[in-house]
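Trainee: I have a new structure to read. Can we go through the terms and what backs each one?
Mentor: Gladly; here it is.

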Amino acid sequence: MPLPPPTAAAPSATPAPAAARRRRAARLGLAAAALAALLAGCATGGTAGPADVVVPSSSGPSLPNGTVLDLAVPAATASIPLVDQDGTTVTLGAYAGKTVVLADFLTQCQEICPLTSAAMSQVSGALAKANRSDVVILETTVDPNRDDVAHLKAYQKLFGATPRWSFLTGTQSDIEALWKQFGVSLEPVPITEKPLPKDWLTGKPLTYDVDHQDVVIVIGPDGHERWLVNGTPSIGTPSDVPSTLQGFLSPQGLQNESAAPEPNWTSSDVLAAVSYVSGTPVS
């Protein structure tokens, strides 16, 4: 069926279920994700220098959560073309000089990604209040075949996202290359339940899901990956999740909303990391 206009978008009462296996990767934990990021940084060729070393939080700055890093984002990764919800092509390199909050998601998720977006909404609100135009949020899909511009635009409208907060997609090969650099693996898995769930925007049957880690990364103005956290966000209370998102959440998602399992993080953790990376407190 044809795509309805984005303004008509609304999640149905039976949104697409996310495979439980997606969270298998998330449960690998922060240390595994940090190691993957280190390996990804070392795989770009050349001799590893001081900027290619993971700095444990215990010996680095005092941050409440996450892992402090210092990994240069390779030029090849910084130049990968991505497309935002307005159809504009952007790259990570285009944000040189700004602090970038990078998170992965897919619009068909109903367990953790909506909570990540809710936490990003909290981060976005705090940045807007502090008038921090030097910080941007980039939620980037792990499902580019389905997350086209229309899906991203409709998803954005559920949050009233600010100009500092974009949703990105790209070609399958470019998205895979991007997330491989940051230690995130993408694994399509078939949906076997009958009847097949449906895309909340188009109504088309969904035949696969995507296993992936759930990460938030902060990239500094110098183009270095500076902070990483992997796991389920804790968003406070269920009332902190926009009502438009409630229809996305499965029973497991509702449980995550009320009491996120370990490891978890909060919007305050991200803001603390932004303050550290940018060198200016978010207040």
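Mentor: Start with angles: under 35 degrees counts as roughly parallel, over 145 as roughly antiparallel, 65 to 115 as roughly perpendicular, and the rest as oblique. This is a predicted model: local features need pLDDT of at least 70, side-chain atom pairs count only at pLDDT 80 or more, and totals for chains, interfaces and linings use all residues. Residues are numbered from 1 along each chain as its sequence is written, and side-chain values use heavy atoms, with hydrogens and water left out.

Trainee: Why are H4 and H9 called oblique to each other?
Mentor: The axes of H4 (residues 113-129) and H9 (residues 267-278) cross at roughly 45 degrees and come within 9 Å. Axes are lines fitted to C-alpha atoms, for helices over the stretch in contact, and angles run from 0 to 180 degrees between N-to-C directions. H4 and H9 are therefore oblique. Their crossing is right-handed, meaning the near helix is turned clockwise from the far one by less than a right angle.

Trainee: Which residues of H4 and H9 meet?
Mentor: Contact means heavy atoms within 4.5 Å. From H4 come Ala119, Met120, Gln122, Val123, Ala126 and Leu127; from H9 come Ser267, Val270 and Leu271. By class, that contact has seven nonpolar, two polar and no charged residues.

Trainee: What makes S1 and S3 edge strands?
Mentor: Strands pair if DSSP finds at least two bridges between them. Eight strands form an open, mixed sheet in the order S1-S10-S9-S4-S5-S6-S2-S3. S1 (67-72) and S3 (89-90) each pair on one side only. S2 (residues 82-84) and S3 pair in the antiparallel sense over two bridges. Leucine 82 stands opposite valine 90 in S3.

Trainee: Why is the pair of tyrosine 155 and phenylalanine 167 called edge-to-face?
Mentor: Rings of Phe, Tyr and Trp (its six-membered ring) pair if their centres lie within 6.5 Å; planes under 30 degrees apart count as stacked, over 60 as edge-to-face, the rest as tilted. Here the centres are 5.4 Å apart, with 80 degrees between the planes. The pair links helix H5 (residues 149-157) to strand S6, 12 residues apart.

How values were computed. Helix = DSSP H or I, 4+ residues; strand = E, 2+ residues; numbered from the N terminus. Nonpolar A, V, L, I, M, F, W, Y, C, P; charged D, E, K, R; others polar.
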